[in-house]
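Thanks for coming, everyone. Let me put the model on the screen, and then we can walk through it.

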Amino acid sequence: AEYGEFQTYQHYFIQINLSSPLHLTTMADVELKKAFTELKTKTTETATRIRAVDSQIEQCKNKGKHAELTYAEIRSAPSETKLYESVGRMFVLETQDTILEQLKDRATKSREQIQKLEEQKVYLSKNLKESENALRELVE
C-alpha cells in the first residue's frame, strides 16, 4: 500500500513539476525558437525566389529587346532580301512577313511574361515584408 501511495505521490509531483513556471518558460523558449527558425527559413526562401524572379525578368527583357532590334533591322531590309530562320541545326527560307510576324509575337510574349513576373515579384515582396515584420515582433 505504501508503494502505491508513493507512486501516486510521485506521479502527482511530476504533474506539478510539468506545470511549474520554469517548465513553461522552457516550453515557450522551444516554441519561440521553432517559430523563429520557421520564419527565418521562410524569409530566406522568399528572398531567393525574388532573386530568381529578377533574373527571369532580365532574361525576358533581353529576349524582347533582341526581338525588337531584329524586327527593326529586318523591316529596314529590302523586301527581296532572302531571310532564313534557324530550325534546330538547319536554316529554312522564310518570307519577310513571316519572320516579322514571329518577331512581333516574341516581343509581345516577352512583355506579357515580364508583366506576370512583376506581379509575382510584388506578391513575393509582400510576403517577405510580412515575414520580416513577424521576425521583428518575435525578437522584441
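Start with Tyr84, which sits in strand β1, residues 83–87. One thing to keep in mind: this is a predicted model.

How is Tyr84 itself classed? Its relative accessible area is 49%, so Tyr84 is partly exposed. The cut-off for exposed is over 50%.

Now to the charged residues. Side chains of opposite charge can pair when their charged atoms come close. How many salt bridges does the structure hold? Two.

Take Asp54 and Lys121. They form a salt bridge, and their closest N and O atoms are 2.7 Å apart. Look at where the partners sit. Asp54 is in helix α2, residues 21–76, and Lys121 is in helix α3, residues 96–139. That is a link between distant parts of the chain, 67 residues apart. Asp54 has 28% relative accessibility, so it counts as partly exposed. Lys121, at 26%, counts as partly exposed too.

Next, Arg111 and Glu68. In this salt bridge, the closest N and O atoms are 3.1 Å apart. Again, distant parts of the chain are linked: Arg111 belongs to helix α3 and Glu68 to helix α2, 43 residues apart. Buried or exposed, or in between? Arg111 counts as partly exposed, at 45% relative accessibility. Glu68 is partly exposed as well, at 37%.

Technical notes:
Residues are numbered from 1 along each chain as its sequence is written. This is a predicted model: local features need pLDDT of at least 70, side-chain atom pairs count only at pLDDT 80 or more; totals for chains, interfaces and linings use all residues. Side-chain values use heavy atoms; hydrogens and water are left out. A salt bridge is a side-chain nitrogen of Lys or Arg within 4 Å of a carboxyl oxygen of Asp or Glu. Helices (H or I, at least four residues) and strands (E, at least two) are DSSP runs, numbered from the N terminus. Buried means under 20% relative accessible area, exposed over 50%, partly exposed in between (1.4 Å probe, protein chains only).
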